[in-house]
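Biologist: I would like to learn how to read ring contacts in a model. Please take me through them.

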Amino acid sequence: MQGGDVAMLVLVEGAERGRRWPLERERYVIGRESDSDIVVADRRISRQHAEIVWRDGRYFVRDLGSKNGTYLNQERLEAVRLLKDGDELHVAMAALLVFVGAGNTMPLVLGGLPEPGLRIDALARRVWVNGAELQPSLSQAQFRLVELLHDSKGSARSREDIVAAVWPDESAEGVTEQAIDALVRRLRERLAELDSEHSYIVTVRGHGFRLENRES
């Protein structure tokens, strides 16, 4: 751990995508609480989830008995493992960190970052926010709503539009205002699980709702 170049972890999937943690000490704890050295705020991540340790001139990673596991290059950690440049570290499959070895260049990692904002796959009914997939999947009603707003490209959609898209077998009179508001509220909560700093579903008074995506 000497010299100007240090190893680091880079968050490439998660709400703080692009954040870096230079590794300059002998031990770092990864967890969701503020007392961790590397904080990844996600309810799927344990308070003290995993640790990075420096030993014999190299960095190693170890799971700390977390509930949802730590994965090195898609393989669940069952023992201490050596970290090599470019290794991918999934924390509970909720956040993806990349290990950058000392002396290696950052653009190789950041150049492959996914675009910020919300992205959907209509056929597979999958949703990503800032490159991280929303898990568990949205309900059918939630996905129909986010698909409608996403495809509208920033235009407001009325409550009648929402009823037609989300509840195609119901008449507009058969769906209450409370049901629509509850659906919108729950969708906002689900998106906030991966990006709590941006409000994607915006209320347009007198018109309905629109999606405000993050800019690239």
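Modeller: First, the ground rules. This is a predicted model, where local features need pLDDT of at least 70, side-chain atom pairs count only at pLDDT 80 or more, and totals for chains, interfaces and linings use all residues. Residues are numbered from 1 along each chain as its sequence is written, and side-chain values use heavy atoms, with hydrogens and water left out.

Biologist: How many aromatic pairs does the structure hold?

Modeller: Rings of Phe, Tyr and Trp (its six-membered ring) pair if their centres lie within 6.5 Å; planes under 30 degrees apart are stacked, over 60 edge-to-face, the rest tilted. Here there are two aromatic pairs. Strands are DSSP runs (E, at least two residues), numbered from the N terminus. The pair links distant parts of the chain: Tyr-59 is in strand 6 (residues 58-63) and Phe-99 in strand 11 (residues 95-100), 40 residues apart. Ring pairs join Trp-54, Tyr-59 and Phe-99 into a cluster.

Biologist: Is Tyr-59 buried or exposed?

Modeller: Buried means under 20% relative accessible area, exposed over 50%, partly exposed in between (1.4 Å probe, protein chains only). Tyr-59 has 5% relative accessibility, so it is buried. Phe-99 is buried too. Trp-54, at 26%, is partly exposed.

Biologist: Which residue lies over the face of Phe-60?

Modeller: A charge sits over a ring if NZ of Lys or CZ of Arg is within 6 Å of the ring centre and within 35 degrees of the ring normal. Arg-55 lies over Phe-60, 4.3 Å from the ring centre. Arg-119 lies over the face of Trp-128, at 4.2 Å from the ring centre.

Methods
Helix = DSSP H or I, 4+ residues; strand = E, 2+ residues; numbered from the N terminus.
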